[in-house]
Amino acid sequence: DYHVWADQADAGVHVDSGLTEMDSLFHVWDPATKMKCVIFEENGGLHNMQRALGHATILNAVRRHGDFVMTSCPANALQPYRQNDNSWDQGQIFFTPAKVWGMPPFYVQKMASANYLPERIYSAMEGAGLDVSATRSETGNALVIHVVNTSSEPVHSRILLKYFTGAGREIKAWTLSAGSEEENTLQDPMKISPKETLINTESVLENGFVFPPFSYVILRFEK
């Protein structure tokens, strides 16, 4: 049970390194080990967009480690509005006696869950600025690309697909983006929430895609 820090937007980089070391040590101690890892606490003191990006990059790191990491759970699930009395100011879902609303990390988890596919496939990024992972369905008819832009500038990137042909005319895209310190409020509970769009497949493959600053984007290709 690996507990990690998740406040930084690029938290996944550090978690990836820790998971690599852990997997290596397990096999040094016992080459035949079947030991696996779970992350039952992604900890921090934030619940804003920066923390959302930290969760998204950790999920990318977890995907890259395949079956070695069974799950990752961000803390904390629930937080009473203005009642937190310690430094763990990291609730995903805030509530009052009359209202419940999600913070940006909640929507990262919701986006990832809704687009879960079981098979991790190889992905690579040339150039700096984007954190990427990719998964596909068992039948090979669906492909999902998870992209995190942790920078303050938009990133225009080409998307090259190998061994996945025959995608439909449109791609489903979900985008979560906001200033790194922004969060949802009691007065504006849906201020930061995913925007779902349909994009022409041919246009994306020919012209690329612009990933907004401080964003988590899911692109779903289906045959």
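In this predicted model, strands β11 and β14 pair in the antiparallel sense over 6 bridges. Both strands belong to an open sheet of 6 strands, in which the pairing is antiparallel. Helix α2 packs on that sheet, and helix α1 packs against α2 with the two axes 7 Å apart.

- The edges are formed by β7 (119–121) and β12 (195–200), each of which pairs on one side only.
- From one strand to the next, the twist averages 25°.

**Strand β14 and its partners**

- Glu222 in β14 is the bridge partner of Ala142.
- Most of β14 is covered, since 7 of its 8 residues are buried.

- Strand β7 is joined to β8 (residues 130–136) by 3 bridges in the antiparallel sense.
- Ile121 has Ala134 of β8 standing opposite.

**Helix α2 on the sheet**

- Helix α2 (residues 49–64) touches β7, β8, β9 (142–149), β11 (170–177) and β14 (215–222).
- The direction of α2 makes about 50° with that of β8.

**Helices α1 and α2**

- Helix α1 (residues 11–29) packs with α2 at an angle of about 30°.
- Angles under 35 degrees count as roughly parallel, and therefore α1 is described as roughly parallel to α2.
- The crossing in which α1 passes α2 is right-handed.
- On the α1 side, the residues that meet α2 are Ala11, Gly12, Val15, Asp16 and Leu19.
- On the α2 side, they are Gly54, Thr57, Ile58, Ala61 and Arg64.
- By class, the residues of this contact comprise 5 nonpolar, 3 polar and 2 charged.

**Ser180 in a loop**

- Ser180 is found in the loop between β11 and β12.
- Buried means under 20% relative accessible area, so Ser180, with 18% relative accessibility, counts as buried.
- Apart from neighbours within four places in sequence, the contacts of Ser180 are Asn48, Met49, Gln50 and Phe214.

Terms used. Residues are numbered from 1 along each chain as its sequence is written. This is a predicted model: local features need pLDDT of at least 70, side-chain atom pairs count only at pLDDT 80 or more; totals for chains, interfaces and linings use all residues. Side-chain values use heavy atoms; hydrogens and water are left out. Two strands pair if DSSP finds at least two bridges between them. Helices (H or I, at least four residues) and strands (E, at least two) are DSSP runs, numbered from the N terminus. Axes are lines fitted to C-alpha atoms, for helices over the stretch in contact, and angles run from 0 to 180 degrees between N-to-C directions. Contact means heavy atoms within 4.5 Å. Angles under 35 degrees count as roughly parallel, over 145 as roughly antiparallel, 65 to 115 as roughly perpendicular and the rest as oblique. A crossing is left-handed if the near helix is turned anticlockwise from the far one by less than a right angle, and right-handed if clockwise. Ala, Val, Leu, Ile, Met, Phe, Trp, Tyr, Cys and Pro count as nonpolar, Asp, Glu, Lys and Arg as charged, and the others, Gly among them, as polar. Buried means under 20% relative accessible area, exposed over 50%, partly exposed in between (1.4 Å probe, protein chains only).
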